Amino acid sequence: MSQQFVGINGEQTGLGFTNRDQGAKVEEDQGLIDFKIITNDGTHESMKMLIDLKNIFARQLPKMPKEYIVRLVFDRNHESMCIIKDNTKVIGGICYRKYPTQRFAEIAFLAITATLQVKGYGTRLMNKFKEHIQKQDVEYLLTYADNYAIGYFRKQGFYQEIKMQLDRWKGFIKDYDGGTLMECYVHPTIDYGNISDLIREQKQQMIDIIKKLTLNDRVYPGLDKQNYKVENSNSDKPAVKPESIQGILESGWTLDDYNELKKQKEKTFMISCQQIIDTMRKHKSAWPFLDPVNKDDVPDYYDVITDPIDIKTIEKKLQSNQYTSKDLFIKDVKRIFINCRNYNQPDTIYYKCANELERSIDDYLKKLKDEQQIPGVSKKIKKTSNK
């Protein structure tokens, strides 16, 4: 399970957020990238950057009409924050419009050059934009996100629940068909330019607090390998008394917890196996394998097949807890098909049924094999004397 960081604004970033932002921040500190606010002021430099940014938007947002992109990017009511690489090349940016009296801004377009999208520039761009917009006394950001962009905006603190009062924004921004309206609160005191450092400091503080409250950093010697011999065993009892191992009781472990976990795993194993049995029984090609082969109908069958098996027998063994491991169950199921192919010729209906039924449950057996081992089979550890 991946760790999830939820920020003060509800950002669902994951701890990878800090790495993405930090990588681009290092480039910024080294002077490899820069962030500039560009408007249509008529200068040659601004016009060139806006044209480059417009081209990126057009390539990365193919469903957006190009005429509409041009109109907004060069509209004097709109501004753009561009990422400049090596002091010359525009590699991405945000086009937005502020509504000062309403204290919010609408993001019209946001995109990064396709070949550079995995370097954290998008995360850094949003953090720099928040840092800039925070100084403009803007309280909220709004944007319409398509299905491909919703995940990105969620990681940056945007939510589909609009908390800003309706009369502050209704009528000021245009509705977009197929887009999802999302909102982000810009906190007035967060240092967005250094937010990755802030998250790392918070994480380290939490680790320090946890260390004071737990024994996680204490290491115990465990079992002495020289004094114990490991053997396979089908016993339900633990190979050694867990409470005799140093550190077990200190961790908060109890025998009741162990037994409850064991019951849950055994129940899950039983359910998974029964589902496979039910799936086989319902298949159109299962009819030859539902019950044991009748010796009166096939006199020589048990002379050829010395280890017979069928679906009914497998179910009885499961219900009587004879399967102490998933491998034993899978082996019995596969033996149905092996026996059939050993006794029957390839051109018979029975041979063909075996192939069809096996193909139908192959994925189920693979899934069962990937699940954790049930706690029926353990390793028995015998203490040996030192000589």
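This is a predicted model: local features need pLDDT of at least 70, side-chain atom pairs count only at pLDDT 80 or more; totals for chains, interfaces and linings use all residues.

Visitor: What makes the contact of Lys25 and Asp197 a salt bridge?

Guide: The N to O distance between the side chains of Lys25 and Asp197 is 4.0 Å. The cut-off is a nitrogen within 4 Å of a carboxyl oxygen, so the pair is counted as a salt bridge. It links distant parts of the chain, with Lys25 in helix α1 (residues 16-29) and Asp197 in helix α7 (residues 195-213), 172 residues apart. Lys25 and Asp197 also belong to a network of salt bridges that includes Asp29 and Arg200.

Visitor: How is Asp197 classed, and why?

Guide: Asp197 has a relative accessible area of 24%.

Visitor: What makes Arg335 and Asp332 buried?

Guide: Arg335 has a relative accessible area of 12%, and Asp332 has 6% relative accessibility. The threshold for buried is under 20%, so both residues qualify.

Visitor: Which residue forms a salt bridge with Asp362, and how are the two classed?

Guide: Asp362 pairs with Lys366, the closest N and O atoms being 3.3 Å apart. Both lie in helix α12 (residues 349-370), 4 residues apart, about one turn of the helix. Asp362 stands at 25% relative accessibility and Lys366 at 47%. Buried ends under 20% and exposed begins over 50%, so Asp362 and Lys366 are partly exposed.

Visitor: How many salt bridges does this rule give?

Guide: The count comes to 20 salt bridges.

Visitor: Why is Thr180 called buried?

Guide: Thr180 has a relative accessible area of 19%. The limit is under 20%, so Thr180 is buried. Thr180 is found in strand β6 (residues 180-185). Leaving aside residues up to four places away in sequence, Thr180 touches Thr143, Tyr144, Ala145, Ile150 and Gln160.

Visitor: How do you know that the buried residues of helix α3 line one face?

Guide: In helix α3 (residues 66-73), the buried residues are Tyr68, Ile69, Leu72 and Val73. Seen down the axis of α3, they fall within an arc of 125°, so they line one face of the helix. The face turned away from this buried side carries the exposed residues Lys66, Glu67 and Arg71. The buried residues of α3 pack against α2 (44-60), β3 (89-99) and β4 (104-112).

Visitor: Which residues have the most contacts inside the largest nonpolar core?

Guide: They are Phe129 and Leu141, in a core of 32 residues. Helix α4 (residues 121-134) gives the most to this core, with 5 residues. Apart from this core lies another, of 24 residues, among them Phe329, Phe337, Ala354 and Leu368.

Conventions:
Residues are numbered from 1 along each chain as its sequence is written. Side-chain values use heavy atoms; hydrogens and water are left out. Buried means under 20% relative accessible area, exposed over 50%, partly exposed in between (1.4 Å probe, protein chains only). Helices (H or I, at least four residues) and strands (E, at least two) are DSSP runs, numbered from the N terminus. The arc is that of the directions from the helix axis to the C-beta atoms. Contact means heavy atoms within 4.5 Å. A nonpolar core is a set of buried Ala, Val, Leu, Ile, Met, Phe, Trp, Tyr and Cys residues joined through side-chain atoms within 4.5 Å.
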